[in-house]
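Colleague: I would like to learn how to read helix packing and cavities in a model. Please show me the structure and take me through both.

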Amino acid sequence: MNDRFLRACRRQPVDRTPLWIMRQAGRYLPEYRALRKDVDFLTVCKTPELAVEVSLQPLRRFPLDASIIFSDILLPLEALGCRMTFNPGPKLAEPIRTRAQVDALDARPAAEVVPYVAEAVSMLRRELDGKTPVIGFCGAPFTLAAYLVQGEGKEGFGAVKTMLYREPGTLERLLETLTAAMTDYLRLQIGAGAQAVQIFDSWAGLLAPAQYEPFALRWVRAILAGVRDLGVPVIYFVNGAPHLLEAAATSGADVLGICWRTPIDVAAARVGPSLALQGNLDPHALFADPTEVTRLATDVLDRMTGRAGHIMNLGHGILPETPIPSVEALVAAVHAHTGRDAAVAAQS
Ligand code: CP3
């Protein structure tokens, strides 16, 4: 069993730094684009055989150390009665803007509304048979609220910030509902076999520090408290958040995902040794030529040499236009580092 990812989550010694890539299953892979020619995105997510096939695609090409279940952060919102389409970004049938709409959200058990996610997780776990661990995931409440209130992805997500200032009580009520739904959703995935879970807070960086605690962090803490008894490591990824690092480190997660904006050794010094770190090569660095990719990836690894608990990853999701040779160079750079952590540990 390849458990170096799970060991790094727990800050245990590893033979080399584990690597996986946020959004590793998706459009930069020709085989994903080929599959999507005939099937739309939601059908892939809702058909366990297809979701598992797409989750396995990156692992067939690259020796990555974890697999993430193929889905989307917005899909479980169907459990609240929200309807949406993807083209390619998400669009809600109806943005949530009023207290009455928030009160009307009807939280049904994830096991009833999105049973296909649990099926896909257990099928993926069986298929992998210990080759790599399976990561489940959800969106953080503030990030989900940003999409729900806006109705789609939009620079700055002005609608949710307007709600924050005009009707903070309505936003809090929405966040409370989302927190309960995501706790239930993560429990479903862990029950089905997910060996770690990641909470994506892609838009918490839009908040000022004084807003981050009441409108984002507090709810992430509640989700963590609600899954703690299940004993799997939790990764909390906060994007665009150099101004929030110290606060984000107090979420209770085992691993903090660092976006590409802060050098990872600087982040490590700021958050202290008590949690593992994941990241943080800039996704755009993969547009450099492979020699430069090798240099930049090695730089990230060198910054973490000797620190217990580093999971190599990008500092946000891989971009659809990313050249495959760059991903190969990234993988090779991590593999070339094999044993260096152990050697450094032995010297010190
Ligand atoms: O390997 C994986 O990680 C794939 C599973 C996955 C998807 N979305 C598939 C997807 C995961 C973990 C996500 C998370 C997600 N979705 C986040 C958090 C991570 C981040 O990037 O910040 C967010 C904010 C979303 C919302 C979302 N879904 C957007 C903005 C888009 C469109 C643009 C984009 O970034 O891809 C989607 C659609 C989506 N989700 C696609 C995929 C592969 C593209 C759909 C297609 O195939 O046409």
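Colleague: How are helix 10 and helix 11 oriented to each other?

Modeller: This is a predicted model, where local features need pLDDT of at least 70, side-chain atom pairs count only at pLDDT 80 or more, and totals for chains, interfaces and linings use all residues. Residues are numbered from 1 along each chain as its sequence is written, and side-chain values use heavy atoms, with hydrogens and water left out. Two packed helices are described by the angle between their axes and the distance between the axes. Here helix 10 (residues 168-192) and helix 11 (residues 209-227) pack at about 30°, with axes 9 Å apart. They are therefore roughly parallel to each other (angles under 35 degrees count as such).

Colleague: How many cavities of 30 Å³ or more does a search of the whole structure find?

Modeller: A cavity is a set of points on a 1 Å grid where a 1.4 Å probe fits but cannot get out, and lining residues have an atom within 4 Å of a point. The search finds one of 30 Å³ or more. The largest cavity holds about 30 Å³ of space.

Colleague: What lines the largest cavity?

Modeller: Its lining is V238, A241, L245, A248, L256, G257, I258 and C259. Strand 7 gives the most, with three residues. The lining has seven nonpolar, one polar and no charged residues.

Notes: Axes fitted to C-alpha atoms, helices over the stretch in contact; angles between N-to-C directions. Helix = DSSP H or I, 4+ residues; strand = E, 2+ residues; numbered from the N terminus. Parallel < 35°, antiparallel > 145°, perpendicular 65-115°, else oblique. 1 Å grid on protein atoms, 1.4 Å probe; cavity = no way out; pocket = protein on both sides within 12 Å on 5 of 7 lines; lining within 4 Å. Points joined across faces, edges and corners; volume = space filled by probe spheres on them. Nonpolar A, V, L, I, M, F, W, Y, C, P; charged D, E, K, R; others polar.
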